[in-house]
Amino acid sequence: MGLPVFLADFDGALPDPGSVIILEGPEARHVKVQRLGTGDEVFLVDGQDRRARARISLADGARVTCEILSSEVDERPTPHVTVVQALPKSDRAELAVDLMTEAGVDAIIPWSARRCVAKWTGAKAGKARDKWASTAREAAKQARRAWIPPVAELHSTKDVVALIEQVTGRGGVAAVLHEEENRPFADVARAAADAGEIIFIVGPEGGVDDAELESFRTAGATPVVLGPTVLRTALAGAAATSALGPLTRRWG
């Protein structure tokens, strides 16, 4: 089993061997929950690709002192993957973010699709986004990732169209996951391997509206079918990210 991972502040630079990093607050409490103490080794990450192997030199509950043994910058896999996720119902939203993050997604964009049952309005929008970001942070630690995928502000369909135009305009690939399409997922996976960037657009429980699908297609996105079965919206983004792995350089 790999070393446990904790989020730390590296002040924007790799820590030198022999230097000290202090964990406080929730991260220090997590050390106690995992029954770790003096002499135990851990990984510290800053969420920005930096990783350090460290040894706990003092743990008193409220503060945990870690001595850095080594540090490095994790190389992020290519192609870069962004998932535009239509807002799922209730707790399925956190499940979607958790699964996508563990699968290796690089960025997450919440989308208010026409058929979404869930709505982010007013103060609720900020709280909901914060909850997604918190879920991504914890899932990244669980997956032992040094990169925490950022969660963007809520996007409208118009915003997603603009994003598709930007990505395809610079040579990237955009794919709409749609169960009624015939074009295979492998087609866009092969294109993404050369392009270096892909965005997956995942619709809500009721599916992508015909008008939305047409606007995405016009903007440059390619509708594809992920596989022979219909997946829940909470699983589709993670499945697409995982399926991309062996078809590109993401898994080496």
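Predicted model: local features only at pLDDT ≥ 70, side-chain atom pairs only at ≥ 80, totals over all residues.
I started with His-155, which lies in the loop between helix H3 (123-142) and helix H4 (157-169).

Is His-155 buried or exposed? I get 17% relative accessibility, and the cut-off for buried is under 20%, so His-155 counts as buried. I then checked what surrounds His-155. Its side chain reaches the backbone oxygen of Glu-153 at 2.9 Å. Setting aside neighbours within four places in sequence, I find His-155 in contact with Ile-109, Pro-110, Trp-111, Ser-112 and Val-160.

Next, the sheet. I traced five strands in an open sheet, ordered S7-S6-S9-S8-S10, with parallel pairing. Which strands stand at the edges? They are S7 (107-111) and S10 (222-224); each has a single partner strand, so one side of each has no neighbour in the sheet. On average, neighbouring strands here are turned by 25° against each other, direction ignored.

I looked at one pair inside this sheet. Strand S6 (residues 80-86) and strand S9 (residues 197-202) run parallel and are joined by six bridges. His-80 stands opposite Glu-197 in S9.

Last, the helices. I checked how H2 (residues 92-103) packs with H7 (residues 233-247): the angle is about 5° and the axes are 7 Å apart. That angle makes H2 roughly parallel to H7. On the H2 side I list Arg-92, Leu-95, Ala-96, Leu-99, Met-100 and Ala-103. H7 contributes Ala-234, Leu-235, Gly-237, Ala-238, Thr-241 and Ser-242. Sorted by type, the residues of this contact come out as eight nonpolar, three polar and one charged.

Key
Residues numbered from 1 in each chain as written. Heavy atoms only, no water. Axes fitted to C-alpha atoms, helices over the stretch in contact; angles between N-to-C directions. Helix = DSSP H or I, 4+ residues; strand = E, 2+ residues; numbered from the N terminus. Parallel < 35°, antiparallel > 145°, perpendicular 65-115°, else oblique. Contact = heavy atoms within 4.5 Å. Nonpolar A, V, L, I, M, F, W, Y, C, P; charged D, E, K, R; others polar. Buried < 20%, exposed > 50% of the residue type's maximum accessible area, 1.4 Å probe, protein only. Polar contact = N/O pair within 3.5 Å; in protein donor to acceptor, adjacent residues only side chain to side chain. Pairing = 2+ DSSP bridges.
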